[in-house]
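Me: I would like to learn how to read a protein model with some care. Could we go through one together, feature by feature?

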Amino acid sequence: MLRVLLSLVTLALLALPPGSAAAASRIQAVATTTDLKALTEAVGGDLVEVDALARGNQNPHDLEVRPSLMVKVRRADVLVMNGLELDQWAEVVVQGAGNPKVAPGGPGRVDASAGLLVLEVPRARVDRSMGDVHPIGNPHYSMDPGMVAGVTANILEGLARVAPQSRPAFEKNRLAFLARIDEAMARWNATMAPFKGARVVVDHNQWVYFLTRFGLVEAGSIEERPGIPPTPSHLTRLIGVMKDQKVKVILSVPWSDQKIAERVAQETGAKVVPMASGVGAVKGTDGYLETIDYNVRSVAQALR
């Protein structure tokens, strides 16, 4: 069925000349997530037009592949991928789009995770019985603003490959954005400093980079295994741990089962904190800095 879909979509896309994007006045970039869209816009500035394949409030692990996504990639000069197997679905999009510029090994292909210090790399063999464990490490690095320097360096190199004459402009944009990150980091660190060592529970394994950055500790997860709904016995054990350790906060992503988190919160006296899992996930998070601002502010308020 997938082969039939790809064949039909590819035939429909043949009417779109691959060079149409190159003829445009700006570099046409596509990012798999809204976080990477925002960071690509920061580096590219007015020279780049960026679209995202996933929305900020979607589960980026498992996106439905649609012809509209293939149309976006067909027109792209650059494709910025999260990597670390978060967005493997994008490979089907690329295959259907038939755009060699962003195919594996193409000049417009960017792995934003290249060279980053990856957390939670498994030390033992991983199989499906363990849930959605990522065999090469946790892919949610964009939740840590300290990773932005490395991510934007990767994006800059990708943009410069397709527009080498614009490298000085990309470098200037990146440095200006990093200066804004540094300024905001001082504020974020000051806000979170009183809560170092505080223990929180998550409903999905997305927050290890955020927690590590600000000195918080994950006491447990509502998911028994990544991506696997909890059993009653798991929830009973988790509630016991939360009561023993006086955990006050459950960090929740938009696509999770809120009813389960609320039930655990009622049993333990904790508060469910809706987090921005990506840029645009909740109201007031239309930019990258605004997203981190929102998350820092929400967690700090809940821990007071």
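Me: Which backbone atom does the side chain of Ser-221 reach, and at what distance?

Reply: A polar contact is a pair of N or O atoms within 3.5 Å, where, within protein, one must be able to donate a hydrogen and the other to accept it, and residues adjacent in sequence count only if both atoms are side-chain atoms. Here the side chain of Ser-221 reaches the backbone nitrogen of Glu-223 at 3.2 Å. Please keep in mind that this is a predicted model, in which local features need pLDDT of at least 70 and side-chain atom pairs count only at pLDDT 80 or more, while totals for chains, interfaces and linings use all residues. Residues are numbered from 1 along each chain as its sequence is written, and side-chain values use heavy atoms, with hydrogens and water left out.

Me: Is Ser-221 buried or exposed?

Reply: Buried means under 20% relative accessible area, exposed over 50%, and partly exposed in between, with a 1.4 Å probe and protein chains only. Ser-221 has a relative accessible area of 16%, and therefore counts as buried. Leaving aside neighbours within four places in sequence, Ser-221 is in contact (heavy atoms within 4.5 Å) with Val-201, Val-202, Asp-203, His-204, His-234 and Leu-238.

Me: How many residues of α2 are buried?

Reply: Helices are DSSP runs of H or I with at least four residues, strands are runs of E with at least two, and both are numbered from the N terminus. In α2, 9 of the 11 residues are buried, so this helix is largely enclosed by the rest of the structure. The cover over its buried residues includes β1 (27-31), β2 (48-52), β3 (78-81), α5, α6 (167-192) and α10 (288-303). One of the buried residues is Ala-38, which is in contact with Val-279 and Tyr-288 when neighbours within four places in sequence are left aside.

Me: At what angle do the axes of α2 and α5 cross?

Reply: Two packed helices are described by the angle between their axes and the distance between the axes. Axes are lines fitted to C-alpha atoms, for helices over the stretch in contact, and angles run from 0 to 180 degrees between N-to-C directions. The axes of α2 (residues 34-44) and α5 (residues 148-162) come within 9 Å and cross at roughly 65°. Leu-36, Leu-39, Thr-40, Val-43 and Gly-44 of α2 make the contact with Val-148, Val-151, Thr-152, Ile-155, Leu-156 and Leu-159 of α5.

Me: What follows just after α2?

Reply: Just after this helix, Gly-45 takes a positive phi of about 60°.
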